[in-house]
Amino acid sequence: MEWITRWRKRLRVLFRREEVERELDEEFAFHLEMETRKNIRAGMTPEAARRQAVLTFGGIERFREEVRDARWFAPVIGLTPDVKLALRMLAKHPVLSLTGAFGMAVGVAIATAFFSFMAFYYSAPPVDEGDRIVALDYLDIRNEDCFCTTLFDLDTWRGSQQSVRQLSAFRDSDRYLHVPGGTTGIVRVAEMTASGFDVARVRPHLGRPLLESDEAEGAPAVLVIGYDEWRRNFGADRGIVGREVRLDGTPYTIVGVMPEGFRFPHNHGYWTALGSDRALHGPGDGPRVMIFGRLAPGVSRAAAEAELRIVSARLAREFPAAYSTLRPIVTPYVRALLDVHQYPAWVVWTMQLFAALILAAVAVTVASLVYARTAARQAEIAVRTALGASRRRIVTQLFVEALAISSLAAVIGLLIANFGFRQIVAINPGSLPYWIEPGLPASTIAYALGLAVLAAFIVGIIPALAATGRRLQSTLRQMGGATGMQLGRTWTALIVVQVGVAVAVLPPVIGIAWLTYQESRGEPTFPADEMLTVRLERAEAPAREALAVPPVERAGESFADTQAELIRRIAAEPGVLGVTYASAPPRSGRRVLIEVEGGVTTTGAARLVALSTDVAPNYFDVFGAQMLTGRPLGPGDAPGGAAAVVSRSFVRRFLGDGAALGRRVRTTVIAAGDSVQPGPWLEIVGVVDDLYDQSHAPELQRPALYLPTALGAAPVTVAIRTRGIDPDALVPRLWEIAKEVAPGHPMTIAGPDELRGGDSSRTVRFAVIMVGLVTLSVLLLSAVGISAMMSFAVTRRYREIGIRSALGASRRQVLQTIFSRSALQLALGLTVGAIFTALLDRLSGGELMNGQQHVLMPVVAALVIAAGLLATAGPARRALRIHPMEALRQE
Amino acid sequence: MSPRESNDMLRGTLDLLILKALSLEPMHGWSIAQRLEQLSGDALRIGAGSLYPALQRLEERGLVASEWGITEENRRAKYYKLTAAGRRALGEELRSWREYVRMMEIILGTT
């Protein structure tokens, strides 16, 4: 039980210091009184007795210090005097310590998050000699872009080089899995050459891996599954080999189960054979695949690359159109998976350096705060030096103080980074290579500790060296009055820059976060629960995901016909009430500038931004959107014609609730940097209700403009409205139809959740938290900077203020002196920041703040001013409390 | 002997003396100093600067406990008393101190 009492006392010293010190005083007073009485009994006069008692007792303050030291710090953690002193100083300046720690924590979070990425960057698949596995790719020297290898390249390289063995290829494909009597759903399948299993050197848990014979045209369709999938979807059935499942409706026979933990090549649990259709494709044509293999023994990556260059020089002569701009590269496997293999390592290192520099920048800010505090402690330092403390000892003490702050920062920073990491993985599962754990590797923790030392060095040693420099002597002489340190201009500049950064960075950041949040709250006015959207892409679309599909289009059939057939087939399904199409899903049309005839032009102060969507004649019907006035777009409205329908918010925002029908508008597509000619004048023929109800934040309602369209070469988003069935139940049929109508075309399906916008809430919450942290750290650092500056100014002008109030200056005048200075700095910072933001906004073509600057700028300005004034309040109060007599006595 | 070592020894000795003084009855700080002075025949004067840190140290180690009480003159004072752990520690310290003295005697006596 005694330890409980002991700990209670320790905590009491920590949290109820005043009470503890009062008790100490009482105990000492008692001791003095007893000693005095004893002296009186020995025959002294009361005064002499008292004096003698005090003399033998010594200075009270020294005892207090010693008793405090003897108390909890030392025995609890066995700390050195430096650490004790440091902890005490930190506790004495909690605001500076906590703000500094928090600011640096955000810096540490950014730097360590990037460092974790570096750890992955240098990782290798956890298979035998995984570091010898390399990816082969082409770099297009025109745009420094990658991932353009095809099966043709695989075959070429297999036959023409020796540096990389067991050349293999894979591509991702999302397939609809149906297990008879079991689970169904969309799964990611690796279509991989059989040799990929040889590269991994891993034997199956059951059955066999893919074999080369599976790649032959017309070979039976076989499937290898992963261990987790085997347990989860097939109940760990040991007799699974030979069972049949369906992928997109096609029967596949399971031939093997891979061992636990094996998810090669990326993060896969299903494997099918790749390459049966390679005969169809020529050079530079065909589906994009990722090519990989093992470096031959003794061959370096550079040597392999050199050999490939010889091969590609020959290809460039034979097929100049396809190969003349491509340069082969051989990179560690993981870098191709992370899609960073096009960058040389030094680029990644430079980015890492910049990430660390963010922390260094924060540390410099904190250092200047510490410097100001050190300046205030100049007298203490001077006395200690005079008493024989070496410069090294004082610098060490200040370094240890800084280390205490930065270690706290490192811990918080790691927690933030870890949280961020997990969120990203949770939002986008399966996006990381399978051997990368969602969390911070041990090396990152070591790195964070290293950063803490670096930050402590900046924060502690530099101000300490400056403070213990040559001027000490003079400081000693003028102690009590002004401190000898000059901070003035540099400091003012620093604060102005800090406020400027806060004002420049915060509006767009807050704006984007707020917008995303508010949009996620928009409620659909159409029956989203009954709807699905399907989007078919052109097979040769250049997007990376889309590339993994062959352009098998039936002879004589255009993409428009393919899409029309798809729509016709879907409409014929039972349970489908209506099918329509548009150029984009709801809420994601083209952003255009609107110009109203006879109204405000787009170059005016407020930019009129709307979303423009091309829609089919039955679009509003299928969505159940109510026509408020006029008519919908009909079959008579030709694409590219003059008719347009606008949304309710469009009328309210741009036409001032006046009559809309018959008004003419025209649009300019927003494109960064390009000035585009406005399109032809359009006549408004109808007004329709908004598709999403943003009445909680009407200013965020995106006004919509609908133009007529017809199916053409461009992909459309097909919207399906069901009745009496669960829209999700339609998904398998959609995949089957797509496979028949448009084999090989990538297709994405969005269900009611996506249409409702609920899917993004997690991303939004994550973004808001991260933005909040950065905002808070920037604001706090500025505020503490201003506070420290003002506090310093008050200390330096202690006598002046004292004399002025002695001469009859009113409280108002004293306050004016203090506040006018910080107001000036704030004003300067605000101006710099505002100019910078306005420039950025203009450069981004108004995208940065989305036309919300008239709300955001004042909000941020008010925040910064409030923080600045609040920060000045403390020093101002101190200035008011300066007693004239005391100030003069210090002379 | 470096100053630090002698300091440590003195500190240990003072702790032992305080424990010994408190083994008789609970006492406040001043009377501990007086008692030790008396017991040593005025040879030993314990300064407050050594006494109170030592008391804190002992309390921290759980060897003594303190509580506020009233003196005979009706004055509030902080009383220190030995804990069970303190009593054990006193026994051990005494034993090792005697051993130490005996050893020193042997060495010094033989030279």
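1. Q166(A) is partly exposed, because 18 other C-beta atoms lie within 10 Å. A residue counts as buried if 20 or more other C-beta atoms lie within 10 Å of its own, as exposed if 12 or fewer do, and as partly exposed in between, with C-beta atoms placed from the backbone. Q166(A) sits in strand β2 of chain A, and its phi is near 50 degrees, a positive value in a residue other than glycine. Helices (H or I, at least four residues) and strands (E, at least two) are DSSP runs numbered from the N terminus.

2. The model is predicted: local features need pLDDT of at least 70, side-chain atom pairs count only at pLDDT 80 or more, and totals for chains, interfaces and linings use all residues. Residues are numbered from 1 along each chain as its sequence is written, while chains are lettered from A and ligands numbered from 1 in the order in which they are written.

3. Confidence in chain A should be read region by region. The mean pLDDT of chain A is 78, and 79% of its residues reach 70 or more; pLDDT is the predictor's confidence in each residue, from 0 to 100. Within chain A, strand β5 (residues 222–225) has the highest confidence, at 94, and helix α20 (residues 544–547) the lowest, at a mean of 36. Over residues 540–556 of chain A pLDDT stays under 50, and the model has 32 contacts beyond four places in sequence for them. Residues 472–486 of chain A also stay under 50, with 25 such contacts. Two residues are in contact if their C-beta atoms, placed from the backbone, lie within 7 Å.

4. A236(A) lies between α10 (227–234) and β6 (244–247) of chain A. Is A236(A) buried or exposed? A236(A) is exposed, as 12 other C-beta atoms lie within 10 Å.

5. The bond from F264(A) to P265(A) is cis, with omega near 5 degrees. P265(A) belongs to the loop between β7 (250–257) and β8 (270–273) of chain A.

6. Helix α11 (residues 301–318) of chain A has 18 residues and spans 26 Å from its first C-alpha to its last, close to the 26 Å expected at 1.5 Å a residue. The expected span is 1.5 Å times one less than the number of residues. A304(A), L308(A), S312(A) and L315(A) are the buried residues of α11(A). Viewed down the axis of α11(A), they fall within an arc of 65 degrees and therefore line one face of the helix; the arc is that of the directions from the helix axis to the C-beta atoms. Their packing partners in chain A are β1 (133–140), α8 (151–160), β2 (164–178), β9 (290–295), α12 (320–323) and β10 (326–332). On the face turned away from the buried side are exposed residues, including R309(A), I310(A) and R317(A).

7. Helix α21 (residues 559–571) of chain A has 13 residues and reaches 18 Å from first C-alpha to last, close to the 18 Å expected at 1.5 Å a residue. Its buried residues are F559(A), T562(A), Q563(A), L566(A), I567(A) and I570(A).

8. In the largest nonpolar core, which has 110 residues, A644(A), V646(A) and V718(A) touch the most other members. A nonpolar core is a set of buried Ala, Val, Leu, Ile, Met, Phe, Trp, Tyr and Cys residues joined through C-beta atoms within 7 Å. Strand β2(A) gives the most to this core, with six residues. The core lies between domain 3 (143–324) and domain 5 (524–747) of chain A, because both give residues to it; the domain bounds come from an automatic or database domain assignment. Leaving aside residues up to four places away in sequence, V646(A) touches V651(A), A660(A), I684(A), V687(A), A704(A) and L705(A). A second, separate core of 83 residues includes V108(A), I394(A), L451(A) and V459(A).

9. I801(A) is in helix α27 (residues 798–806) of chain A. I801(A) counts as buried because it has 23 C-beta neighbours inside 10 Å. Its C-alpha atom is separated by 9.1 Å from that of H883(A), 82 residues apart along the chain.

10. Chain B comprises four helices and three strands, in the order α-β-α-α-β-β-α from the N terminus on. Of its 111 residues, 26% are buried.
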